[in-house]
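Biologist: Please show me the model, and then we can go through it by question and answer.

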Amino acid sequence: MLQIVTPTSLSSLSNPIANTMEHLSLLDNHIPGNTTLITAVELERFVNLRSLALDFCDFTAEMARVLADSNHVPLHRLSLLVHSVSIMHKSLDNMPKDENWQALTRNSTNLRVYIMAFDVKSDDMLRILKPSIPLERIHFDSYVTYVSGAVVDLISRQYDKFLTHFILMNDVIDMSAFPDLSDNRNEDPLVLLAWRCTRLSLLAVHGYTVWAHNLIAIARLRGSDLKVLEVTEESIEFDQGELADQDVDPVHNFIEQVSLGLGRPWHAVMDIELLSVFTEPTRHFYREMQSFSEGI
């Protein structure tokens, strides 16, 4: 019930209802102020919770401790929305430390986490991404800020055993100046992600420069296990050397090489609206959170 839940909504639930609830999704729509829709004390009543979705700034170290308690059933799915507006009005000071994540995963061995970050600065993401988070899906979406290569590199090193979905969206107006994650780096961070994260099954990119030879490498590294590879046409760049070869059509050769790597016909996404993730971010978060928690 978007825009209907208030800070008093949960406290009005009776104990029998709170005790039996298995799925709980609470977002505050980033109304300015530091109100929170749930406290750690209230969460203690939800002993059968298997799936939880919250604003990241509301998910505190104390909440993680409550969920890690043995009187709670193991949590299976945790979906967290990190929004720059929420960070501005609230704080990251109370977020779980790595030891809190370790304690939570000891009690919930099958826990998997989905994070969507909207216009979040890279410095904040480097603080948020603790090593012990069992991160399975991450989605970056932005209009103002963009993700750094350092953040992508950290994700590929810390979550190589868990990561299945990686989405990188940058809805910039200036199509001529997409950020290049591989700037001043020996290896492209997206190629390293595909190499390290052997469970990666979905990769979607728009608004970041993806070099054609790197996309070919990604397709070859993950092959048919990469079930979804969506890159918008305007995000793909070719080396001058590739364009200078008069004997080969570089675009045709590129599409052929990616298709061979994946083991199926492949084409770049010609229209951003055809991207599977092209929706208003909060709506996409809800849709993805629901599919993430299905069958739990």
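This is a predicted model: local features need pLDDT of at least 70, side-chain atom pairs count only at pLDDT 80 or more; totals for chains, interfaces and linings use all residues.

Biologist: Are the residues of strand β4 (residues 112-118) mostly buried or exposed?

Modeller: Buried here means under 20% relative accessible area. Arg112, Tyr114, Met116 and Phe118 point one way from β4, while Val113, Ile115 and Ala117 point the other way, and all are buried. The count for β4 is therefore seven of seven residues, by the cut-off of under 20% for the term buried.

Biologist: Which residue of β4 is the bridge partner of Ser79?

Modeller: Strand β3 (residues 77-83) pairs with β4 in the parallel sense, over seven bridges. For Ser79, the bridge partner in β4 is Tyr114.

Biologist: What is the handedness of the β-α-β unit that β4, helix α6 and β5 make?

Modeller: β4 and β5 run parallel and are joined by six bridges. Phe118, for example, stands opposite Asp141 in β5. With helix α6 (residues 122-128), β4 and β5 make a unit that is right-handed.

Biologist: Which strand gives the most to the lining of the largest cavity?

Modeller: A search of the whole structure finds one cavity of 30 Å³ or more. Its lining includes Ala117, Phe140, Asp141 and Ser142. The strand that gives the most, with three residues, is β5 (residues 135-142).

Biologist: How many residues in the lining of the second largest pocket are polar?

Modeller: That pocket has a volume of about 230 Å³. Among the 13 residues that line it, the closest to its centre are Thr36, Cys57, Asp58, Thr60 and Asn94. By class, the lining has four nonpolar residues, two charged ones and, as the number asked for, seven polar.

Technical notes: Residues are numbered from 1 along each chain as its sequence is written. Side-chain values use heavy atoms; hydrogens and water are left out. On a 1 Å grid over the protein atoms alone, a cavity is a set of points where a 1.4 Å probe fits but cannot get out, and a pocket is an open set with protein on both sides within 12 Å along at least five of seven lines; lining residues have an atom within 4 Å of a point. Grid points are joined across faces, edges and corners, and a volume is the space filled by probe spheres set on the points. Helices (H or I, at least four residues) and strands (E, at least two) are DSSP runs, numbered from the N terminus. Ala, Val, Leu, Ile, Met, Phe, Trp, Tyr, Cys and Pro count as nonpolar, Asp, Glu, Lys and Arg as charged, and the others, Gly among them, as polar. Buried means under 20% relative accessible area, exposed over 50%, partly exposed in between (1.4 Å probe, protein chains only). Two strands pair if DSSP finds at least two bridges between them. A crossover is right-handed if, with the strands pointing away from the viewer, the path from the first strand over the helix to the second runs clockwise.
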